[in-house]
Amino acid sequence: MKVLVTGGLGYIGSHTVVELQLAGYDVVIIDNLSNSSTKVLDGITKITGTTPDFQELDLRHQDRVREFFKHHQNIDGIVHFAASKAVGESVEKPLFYYENNVNTLVYVLQELQKLKQQNFIFSSSCTVYGEADMLPVNEDSAVKPAQSPYGNTKQIGEEILKDTCKINPDLKTVALRYFNPIGAHASSNIGELPLGVPQNLVPYITQTAIGLREQLSVFGEDYPTEDGTCIRDYIHVVDVAKAHVVALERLIKKEQGSNFEVFNIGTGKGSSVLEVITSFERVSGQKLNYKIVDRRKGDVVAAFADTSKANSILRWKAEYTLDDAMSDAWKWEQRLRTK
Ligand code: NAD
Ligand code: WQD
């Protein structure tokens, strides 16, 4: 069985390629290397013993997308990660985000609909829930007006899938709403590679601990939570990757109920920023240099998943703990800096 993974050299994509290969799939990756490098292929090969087919291609070029599919008619499923993901940058460059996240999705779906097997997995995000009315959030919780063009591209992406599924019963789609993926492969052969100053908490922590950043700023200690810091559902990236394999298997086996389904991919457990720091200090044996600063604009107080739908329907459950993820993130950071 052949699976196309767009954005397969990126953070979540590369871990998913590994899990797909370990499950016996032949993988072809499309990536334009805008936020990744071909070195990731070596990391994947070290883990699985197999180098995936890689096509350097920018999905914004519709003619090239068409050309690719002309030569790859035998694809049994697509996992579509390719997108840009920096929330702040999306506010500065909205049209780029709509082009890169929405146009590319349309181009891929147009070609997918010409194939015999029309199985599609879309990277969505917990960001669609915004500040939820009730916690944990389940898949029926309201989708709130997006706070950024990036968040909007995820909502629009889901709507595009829903509308297309309505008129095409052969199209089988799943949107996975990831919470906060963190960590790296336990082998330290692949992991997160943030460009420039990380915006996300965990790479900022590990880069501070390794000496690349002076100090972590904790954004706000006056939130209505137990310790005053925000709460998120941090999930090991390998658990996220495995969710794609089971979701795809369900599509390929035609076990899907409706042809557009949504699943939360989280652990079900919320952790505060200070708990993440404590976990890091526990697994690394290091004290982290941090200070409390003002709140960051746009942060929701708390978000964590009700994962019962994925647990029961996909028979998938996150297996790793926060400590596991922080330990793997730290090993990866150390490996990166000693290479
Ligand atoms: P990433 O940036 O590491 O990976 C995305 C990959 O897509 C990169 O390798 C990049 O080079 C490639 N890419 C981007 N635009 C492309 C284009 N036009 N053509 C071909 N390739 C292109 O990001 P990630 O963290 O692995 O995220 C993967 C997906 O999951 C994204 O859709 C993201 O929005 C979504 N997501 C991420 C998170 C998170 O916290 N990391 C959370 C929720 C959802
Ligand atoms: C986590 C917590 C910060 C950095 C982002 C995207 C979202 C989704 C997941 C893609 C928050 C605090 C952070 C720092 C800090 N991605 N923090 N100091 O904001 O939950 O979500 O990634 O879909 O769309 O917005 O993740 O890692 O940025 O922050 O105190 O230097 O850590 O305030 O409470 P977030 P994050």
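Serine 308 sits in helix α10, which covers residues 308–314; helices here are DSSP runs of H or I with at least four residues, strands are runs of E with at least two, and both are numbered from the N terminus. The model is a predicted one, in which local features need pLDDT of at least 70, side-chain atom pairs count only at pLDDT 80 or more, and totals for chains, interfaces and linings use all residues. Residues are numbered from 1 along each chain as its sequence is written, chains are lettered from A and ligands numbered from 1 in the order in which they are written, and side-chain values use heavy atoms, with hydrogens and water left out.

With a relative accessibility of 40%, serine 308 counts as partly exposed, a class that lies between buried (under 20% relative accessible area) and exposed (over 50%), using a 1.4 Å probe and protein chains only. The side chain of serine 308 makes a polar contact of 2.6 Å with that of aspartate 306. Such a contact is a pair of N or O atoms within 3.5 Å; within protein, one must be able to donate a hydrogen and the other to accept it, and residues adjacent in sequence count only if both atoms are side-chain atoms. Phenylalanine 263 is 45 residues away from serine 308 along the chain, yet their C-alpha atoms are 9.2 Å apart.

Aspartate 299 turns up in the loop between β13 (290–293) and α10. This residue counts as buried, at 19% relative accessibility. Its side chain pairs up with that of arginine 296 through a polar contact of 3.1 Å. Setting aside neighbours within four places in sequence, aspartate 299 is in contact (heavy atoms within 4.5 Å) with Phe219, Tyr223, Cys230 and Arg232.

Another loop, between β5 (119–125) and α6 (149–167), holds lysine 144. A polar atom of the lysine 144 side chain lies 2.7 Å from the backbone oxygen of glutamate 131. Not counting residues up to four places away in sequence, lysine 144 touches a run of partners, including Tyr129, Ala132, Asp133 and Gln155.

Zooming out, the chain has eleven helices and 13 strands. Its radius of gyration is 19 Å, close to the 20 Å that the globule rule gives for 339 residues, so the chain is as compact as a globular protein of that length; the radius is taken over C-alpha atoms, and the rule is 2.2 Å times the number of residues to the power 0.38. The C-alpha trace spans about 55 × 45 × 40 Å along its principal axes. Of the 339 residues, 56% count as buried.
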